[in-house]
Amino acid sequence: RARMDQLAASDEFGIDTTKTPAQPGTTKGNPLLDPWRAKAVDLAIDKYFENKAYVSLALFYKKLDTYIYNQTIQNYNFANEVATLPVGIPSGGTTPCPLNQPNSATATTFCVGQFGPATIPLNGNGGRLDGVELSASLPGELFTRYLTGFGIQASYSYSDSSISIPGTVSGIAESKIPLPGLSKNVWQVTGYYERYGFSARIATRYRGNYIGEITDFSGSRSLEFVRHEQINDAQVGYEFGTGPARGLSILLQVNNFTNTPFIDYSGSPQNVRDYETFGRDFFFGFNYKWQR
């Protein structure tokens, strides 16, 4: 479904007085938006090795009937909005001239044009999303008893889209952009060891470059080119199986231990607009199960 801010009936109207004539503009919602709709086909082939391991191949295809995107209409007709402005002295025509008194009681006049840009969420139609997903869970003892307790879980997905929509990305007008939020390549790998009450995991996940919808300092959302990222997490734990501490388990977890930055850019990855680091998150926890 459309977000609530996209469905809003509000209209943010303004006038750019640096242009001649002054240019009206607006950003508004669209209460008449339809939700996303698609016809989807998925095909998966799985191979299981007893109850210890599996590998999977999945194909997906989605024919999009409707989707939602922001469209900036450059020559939107503001005749109704301009007609209600206070009228000053027209200069050589019927274009309204609102009074402008920014610094003193002396009124000056400037003419406002009838046409200007309007950014509105709209429904697109047609297009497709398709791709492939590979995943596997493989314990080490499947290969040799010397790897008992070790294992790996991994997945990879490739997705492509035929959707091309106009938009403004990083302040630059683009005639065709792919569907926002879609990375063509995404993968993750987790290696683990679990035996004798001890457990350890290290995981890394990656996604390629994509166009993201970023919230700016004013709370507005805008499209930005976002650079690829790889985030790494790790955790260790131990569960006491005997002795006075039987039933007690402890866990230490570190998220983003490489302090991977979030980077968005304009046009080329070398033209960095925003570089943010969020640090590392440390978690420590314990759990106790009473056993008779």
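The model is predicted, so local features need pLDDT of at least 70 and side-chain atom pairs count only at pLDDT 80 or more, while totals for chains, interfaces and linings use all residues. Residues are numbered from 1 along each chain as its sequence is written, and side-chain values use heavy atoms, leaving out hydrogens and water.

Let's start with the second largest pocket, which holds about 230 Å³ of space. (A pocket is an open set of points on a 1 Å grid over the protein atoms alone, where a 1.4 Å probe fits, with protein on both sides within 12 Å along at least five of seven lines; lining residues have an atom within 4 Å of a point. The volume is the space filled by probe spheres set on the points.) Its lining includes Arg1, Arg3, Gln6, Trp36 and Leu179. Strand S4, residues 53-77, gives the most to that lining, with three residues. (Strands are DSSP runs of E, at least two residues, and helices are runs of H or I, at least four, numbered from the N terminus.)

Glutamine 6 sits in helix H1, residues 4-7, and counts as buried because its relative accessibility is 10%. (Buried means under 20% relative accessible area, exposed over 50%, and partly exposed in between, with a 1.4 Å probe and protein chains only.) Its side chain reaches the backbone nitrogen of arginine 3 at 3.0 Å, and Arg3 is another of the pocket's lining residues. Setting aside neighbours within four places in sequence, glutamine 6 is in contact (heavy atoms within 4.5 Å) with Gly29, Asn30, Leu33, Ile68 and Pro121.

Serine 161 is in strand S9, residues 150-161, and is buried at 16% relative accessibility. A polar atom of its side chain lies 3.4 Å from the backbone oxygen of arginine 128.

Most residues other than glycine have a negative phi. Tyrosine 196, however, has a positive phi near 55°, and so does asparagine 256, also near 55°. Where do they sit? Tyrosine 196 is in the loop between strands S12 (185-195) and S13 (198-207), and asparagine 256 is in the loop between strands S17 (248-255) and S18 (262-265). Tyrosine 196 is exposed, with a relative accessible area of 63%, whereas asparagine 256 is buried at 10% relative accessibility.

Definitions and conventions. A polar contact is a pair of N or O atoms within 3.5 Å; within protein, one must be able to donate a hydrogen and the other to accept it, and residues adjacent in sequence count only if both atoms are side-chain atoms.
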